[in-house]
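Walk through this structure with me.

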Amino acid sequence: MSVTHLLSRRADDPSSPPPPHHRPTWAQIDLDAIAANAATLLRVATGSGLMAVVKADGYGHGAVPVARAVLRGGAAWLAVALIEEARELRAAGITAPILLLTEPPVSAIADLLDVRLTPTVYTPAFITALDAAARARGGPPTDVHLKLDTGMRRVGAPEGDWHDVLTLLSGAAGLRMSGLWSHFACADVPGHPSIDRQSRAFRAGVAAARDYGLTPDLLHLCNSPAALTRPQDHYDLIRCGIALYGLDPGDGLFGALPLRPALRWVSRVSLVKRVAAGEAVSYGHRWAPPTDTTIGTVPAGYADGVTRRLGGLGQVVVGGRRRPMVG
């Protein structure tokens, strides 16, 4: 949601400052909850480290404060989707290793190297260009993580291309394959047959890499739901996004884990009025009270992530009681 951020250490602290400027709708971010969630996930992944995904402005929670919170909670790595996201973290003084989750355009390679990222690679064209750029700069080889497509079918090297990319990486003087990873498509549905298939395919990819003389330092396969349900696939790192923010990545996958939601969306009722029975309200006049009633207006809308589809379905908490969203 595009609400104004109010970053606070405790979202439920009554001494929290008022919303910034004159905007009566804001988000309170509990950074202690994010740090605690990171520590909890590390306890789940005994013997594995944590790569915290802070892309998309830390899932809307604020990338820089979230990155600091997860590192305080014990995360060893950060992950982003864009070079620009990593540049923001570096400008804030964050020095932790950062994985770029997808290949950028070849034209962005110079920026990628300047920001000191660990790039994900998976296409021969990008690997060749990155190797040439790294060799031209001199110095030690640039660490890269190879992503294998084991069934997600978005990005990553499909099995038919493994020979080509592994051959390139084994002969790339400017690159060192320090990591190998993949991504589950259906781990939020425990028991889905694709999960075991992807796990087996990843093991085959690890073995194939070793056949080419490539022995990565880090293997990582588990996203948030797999981190909670697939201990056999934890490898060296678990790679968590949504669970860090206290949102269940599946249907009850948290179980008894004390993962805490980190965002509280707050607004102030701007107007209260009486409405007579049968007087329809708001767009489309889809709701009318059966008896005389009182309604309140909350100053939040599309720009804040409030969709019209919530009418008749959503709820808000007013004075400690749940109230329906009727228009």
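Patches are built from residues with over 30% relative accessible area and no salt bridge; like charges are joined within 9 Å, nonpolar side chains (Val, Leu, Ile, Met, Phe, Trp, Tyr) within 5 Å. A salt bridge puts a side-chain nitrogen of Lys or Arg within 4 Å of a carboxyl oxygen of Asp or Glu. Areas follow the Shrake-Rupley method with a 1.4 Å probe, and for residues only the protein chains shown count as cover.

The model is predicted: local features need pLDDT of at least 70, side-chain atom pairs count only at pLDDT 80 or more, and totals for chains, interfaces and linings use all residues. Residues are numbered from 1 along each chain as its sequence is written, and side-chain values use heavy atoms, without hydrogens and water.

V269, V272, V298, V316 and V318 make a nonpolar surface patch of about 350 Å². V316 sits in strand β14 (residues 315-318). Strands (E, at least two residues) and helices (H or I, at least four) are DSSP runs, numbered from the N terminus.

Now the rings. Phe, Tyr and Trp (its six-membered ring) pair if their centres lie within 6.5 Å; planes under 30 degrees apart are stacked, over 60 edge-to-face, the rest tilted. This rule gives 2 aromatic pairs. Y59 and Y245 are stacked, because their centres lie 4.8 Å apart with planes at 20 degrees. Y59 belongs to helix α2 (residues 55-59), while Y245 is in the loop between β10 (237-240) and β11 (263-267), 186 residues apart. F202 and Y235 are edge-to-face, because their centres lie 5.2 Å apart with planes at 75 degrees.
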